[in-house]
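Thanks for coming, everyone. I have a short tour for you today. Let me put it on the screen.

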Amino acid sequence: MNKLVLTVALSGAFVSINAHAWGNDGHRAVGAIADQLIQGSNAEQRVKALLLPGESLEKISTWADCVKGTYCGPLSEEMTAYVAANPQHSTYHYTDVPFQNAHYHDHDAGTADDDIVQTLKQCIATLQGKGDKISNPHNFTPRQALLILTHLAGDVVQPLHVGAAYVDKNGAFVVPQKQAQIDAVHMYDARGGNDLLLDDIKMSVISAQLIPAAPVEAKPAVQAAVAGTPPRAPQTTRPFHSYWDTTVVNYVFRRVGARSPQEFAQLVIASKPAVESNTGDPISWPYAWADQSLAVAKLAHSGVTAGAIGQQTSKTGEVFNVWSLTVPDDYPVPSSAAAKTQLIQGGYNLAAVLKAIWPQ
């Protein structure tokens with residue numbers, strides 16, 4: 001297969017590590033699928049008892065990202081209290097297991113006591129009524145547990161939120177056996193793919209050839225320029241993580257012809273998709289979800305190679321390492337197919353775990 005070489009302009013562009021898995025549309029799609037799947041069940045009634053008027057799983061699906069800043073609007077009193085009680089809440093959204101691994105194991109390289117798998121377990125235990133100091137060290141309330149579970153059910157199926165890349169100076173993907181090996185001298189943490197950069201302009205050209213255009217009414221409206229503000233320069237590079245967070249979701253919606261998360265949910269449920277199911281105590285299910293995501297992380301990195309190490313400087317003056325990527329020239333097609341499967345799996349996982357927590 002031909003390769004598309006994606007170069008990096010080391011020009012001081014800023015790479016954010018505060019990524020939001022799937023973006024708003026992806027998370028809302030996961031929530032919308034679960035909303036429809038639990039209709040008429042005891043789980044639906046128990047969920048409604050924890051939600052505020054007008055809320056749904058779709059609408060709360062971005063809550064755990066919104067608490068990271070003010071981009072969703074001012075923080076509510078509830079959000080402020082959560083942030084104060086959970087100062088490390090951003091670490092709940094991911095784990096960094098080497099993508100080459102087949103399984104998530106407690107205390108392996110890249111895992112943490114408050115990573116996504118452990119936090120999901122705490123949320124499930126709390127909703128089961130088992131939230132003691134051991135199983136729920138963050139002291140989540142049942143409502144907080146539902147808010148976080150709904151969001152993390154989407155995060156855990158984003159492959160780069162589970163399977164992480166580690167690289168050497170020459171860009172070879174390597175596998176740490178112990179955390180101490182990730183020394184930023186011989187082995188580097190690519191920060192969940194945030195330091196692996198794609199040429200965004202070239203990716204846009206490729207996707208225009210391979211992915212159907214979005215319906216006119218679904219295209220975002222162009223915001224009016226503020227008087228005296230120069231036009232924003234086109235983004236030249238995009239972190240690999242950001243591609244999997246947002247770009248690929250756009251491709252998924254375009255390929256299925258969905259104009260909204262609710263329409264996506266309706267379309268995929270009507271197609272009766274084949275999804276993986278879980279059995280046993282729901283508190284163990286996050287391990288299976290992580291393992292399934294690791295398998296997809298391998299596909300996400302298939303045919304992808306990194307170049308030699310380079311450096312960039314952020315707007316705040318931080319100097320950090322970056323690597324350019326070479327990806328297969330049809331990458332938008334298999335990546336969007338995998339993302340579609342993962343969004344569907346996330347919605348079905350969320351519905352299934354809620355029904356298992358609150359059976360009929």
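One term before we start: contact here means heavy atoms within 4.5 Å. Also keep in mind that this is a predicted model.

Where is His93 found? Look in the loop between α5 (77–85) and β2 (97–98). Is His93 buried or exposed? Its relative accessibility is 3%, and buried means under 20%, so His93 counts as buried. Now its surroundings. Leave aside the neighbours within four places in sequence. His93 is then in contact with Ala64, Asp65, Lys68, Ile116, His151, Leu152, Asp155 and His161. Pick out Asp155 from that list. The side chains of His93 and Asp155 make a polar contact, at 2.9 Å.

Next, helix α1. It covers residues 23–37. How far apart are its end C-alpha atoms? They are 22 Å apart. At 1.5 Å a residue, the 15 residues should span 21 Å, so the two values agree.

How much of α1 is buried? The count is 11 of the 15 residues, so the helix is largely enclosed by the rest of the structure. Among the buried ones are Gly23, Gly26, His27 and Ala29. Further along, Asp35 and Leu37 are buried too. And what covers them? The cover includes α3 (57–60), α4 (63–66) and α7 (142–155). It also includes α9 (240–256), α10 (261–270) and α12 (332–357).

On to the cysteines. How many disulfides does a search of the whole structure find? The search finds 1. Cys66 and Cys72 form it, with their sulfur atoms 2.1 Å apart. The torsion about the S-S bond is about -75 degrees, so this disulfide is left-handed. Check the two partners. Cys66 is buried, at 8% relative accessible area. Cys72, at 42% relative accessibility, counts as partly exposed. Then there is Cys123, which counts as buried at 0%.

Last stop, a sheet. Strands of a sheet pair through backbone hydrogen bonds, either parallel or antiparallel. Which is it here, parallel or antiparallel? The pairing is antiparallel. The sheet is open, with 3 strands in the order β5-β4-β6. Its edge strands are β5 (173–174) and β6 (188–189), and each pairs on one side only. Strand β4, residues 166–167, pairs with β6 over 2 bridges.

Conventions
Residues are numbered from 1 along each chain as its sequence is written. This is a predicted model: local features need pLDDT of at least 70, side-chain atom pairs count only at pLDDT 80 or more; totals for chains, interfaces and linings use all residues. Side-chain values use heavy atoms; hydrogens and water are left out. Helices (H or I, at least four residues) and strands (E, at least two) are DSSP runs, numbered from the N terminus. The expected span of a helix is 1.5 Å times one less than its number of residues. Buried means under 20% relative accessible area, exposed over 50%, partly exposed in between (1.4 Å probe, protein chains only). A disulfide is a pair of cysteine sulfur atoms within 2.5 Å. A polar contact is a pair of N or O atoms within 3.5 Å; within protein, one must be able to donate a hydrogen and the other to accept it, and residues adjacent in sequence count only if both atoms are side-chain atoms. Two strands pair if DSSP finds at least two bridges between them.
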